[in-house]
Amino acid sequence: MSARSSSRRPFAWTEKELDEDVLPDRRQLVTALQEICRQLVITTADGGTQTHPTQAQAAEYLNISETALTRYLRGQRIPPDGVAAFIFDTACRDAGGGQTLGLTREELLELRTRAEQERCGNCQRNREAARAAAQRLRALQGTHEQLKRSTAERARELRELRQRAAALKQETQRMRAAHLRPAREAGPQKVEEAARASALLPVPRRQGDRQQSKNAALTSRHVGHRAEELLRSGRPDSTLALLRHTAEAYSPMEVALLVALLRTQGQDGLADNLVHIYARDRNDQDVMRAALILHEQQAVADAETLLRTAAAHPGSALSRAEGPRPPR
């Protein structure tokens with residue numbers, strides 16, 4: 001075997017730099033292996049000796065790959081028990097005895113065992129950390145799925161509420177059209193009078209308008225039952241959304257009837273919220289109509305609350321109608 005020419009000092013290839021994460025017992029094993037490899041003496045094919053072999057020559061001499069030898073000497077891998085023993089025996093033979101190696105065969109194998117146990121302990125800690133991380137990940141995934149289901153349920157409820165509001169709005173328009181149809185049949189003058197009465201007086205006092213009040217009361221009662229069901233189901237957000245849609249879609253007469261109905265059923269909280277939302281969101285004409293109907297329904301307190309809320313709310317219709325107040 002021919003020697004490889006090099007300007008580096010002998011056995012410089014055994015002086016490997018170790019990474020910072022190399023554990024203490026493994027570091028001791030690597031140091032011992034580096035020292036042992038410096039005792040190798042290779043016999044060449046012509047019978048000569050190579051006292052300062054290269055790393056490639058040493059790897060071939062030890063019957064291992066050069067890559068594996070590099071990893072052993074850098075602490076990246078722990079040599080198997082048999083490989084460690086073979087390296088020691090070969091170097092011991094080449095050095096003429098174990099006294100120059102600085103440790104015995106048993107001590108080298110003990111170092112290798114401690115390094116292996118040290119690695120296993122570190123792996124065990126890593127496995128425990130990995131299991132804890134996996135558990136947290138599963139918990140987060142479960143929470144994520146629950147939030148997705150909750151969001152989908154809220155979206156479905158919102159769609160249902162919007163559909164219900166649209167249906168109620170259509171029903172209101174249909175009832176108004178049914179109320180005006182007899183007037184149309186009576187002639188243009190009657191149509192004009194009926195339209196003016198519907199616009200100016202939400203609850204006409206004439207005997208012929210009882211059907212409209214009856215239909216509105218039935219519609220309001222249905223919404224009241226729906227609001228009560230939502231309240232019992234523990235979904236206040238859905239109840240509030242239904243009240244908002246009701247305040248937007250219902251006429252003053254229907255809202256007033258619904259407030260009275262809720263008071264009758266003992267749903268004071270719902271009635272208070274509906275009065276507040278209606279006073280805040282509707283114009284002054286609708287608010288005054290609803291207050292008039294509440295007054296006629298003997299709901300004087302609700303009528304007064306409706307007017308006071310509309311007047312006191314910043315930007316409300318009644319506040320705009322009154323204009324800016326002089327400073328006190």
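These are my notebook entries on a predicted model of one protein chain.

**Overall make-up.** I looked up the helices and strands first. The chain has 13 helices and 2 strands. It has 328 residues, and 37% of them count as buried. I then checked the accessible surface, which comes to about 19,600 Å², with 51% of it belonging to carbon and sulfur atoms. Among contacts between residues at least 6 apart in sequence, 65% join residues at least 24 apart.

**Helix α10.** I compared its length with what its residue count predicts. Helix α10 covers residues 268-281, and its 14 residues should span 20 Å at 1.5 Å a residue. The C-alpha atoms at its ends are 20 Å apart, so the two values agree. In α10, I noted L270, A271, L274, V275, I277, Y278 and A279 as buried.

**Salt bridges.** How many salt bridges does a search of the whole structure find? I recorded 18.

I looked at R114 and D25, whose closest N and O atoms are 3.9 Å apart. R114 lies in helix α5 and D25 in helix α1, so this pair ties together parts that are 89 residues apart in sequence. R114 is partly exposed, at 29% relative accessible area.

R156 and E153 also form a salt bridge, with closest N and O atoms 2.4 Å apart. Because they are 3 residues apart in helix α5, about one helical turn separates them. R156 is partly exposed at 31%, and E153 is partly exposed at 30%.

Methods: Residues numbered from 1 in each chain as written. Predicted model: local features only at pLDDT ≥ 70, side-chain atom pairs only at ≥ 80, totals over all residues. Heavy atoms only, no water. Helix = DSSP H or I, 4+ residues; strand = E, 2+ residues; numbered from the N terminus. Buried < 20%, exposed > 50% of the residue type's maximum accessible area, 1.4 Å probe, protein only. Contact = heavy atoms within 4.5 Å. Areas by Shrake-Rupley, 256 points an atom, 1.4 Å probe, with all protein chains shown as cover. Expected span 1.5 Å × (residues − 1). Salt bridge = Lys/Arg side-chain N within 4 Å of Asp/Glu carboxyl O.
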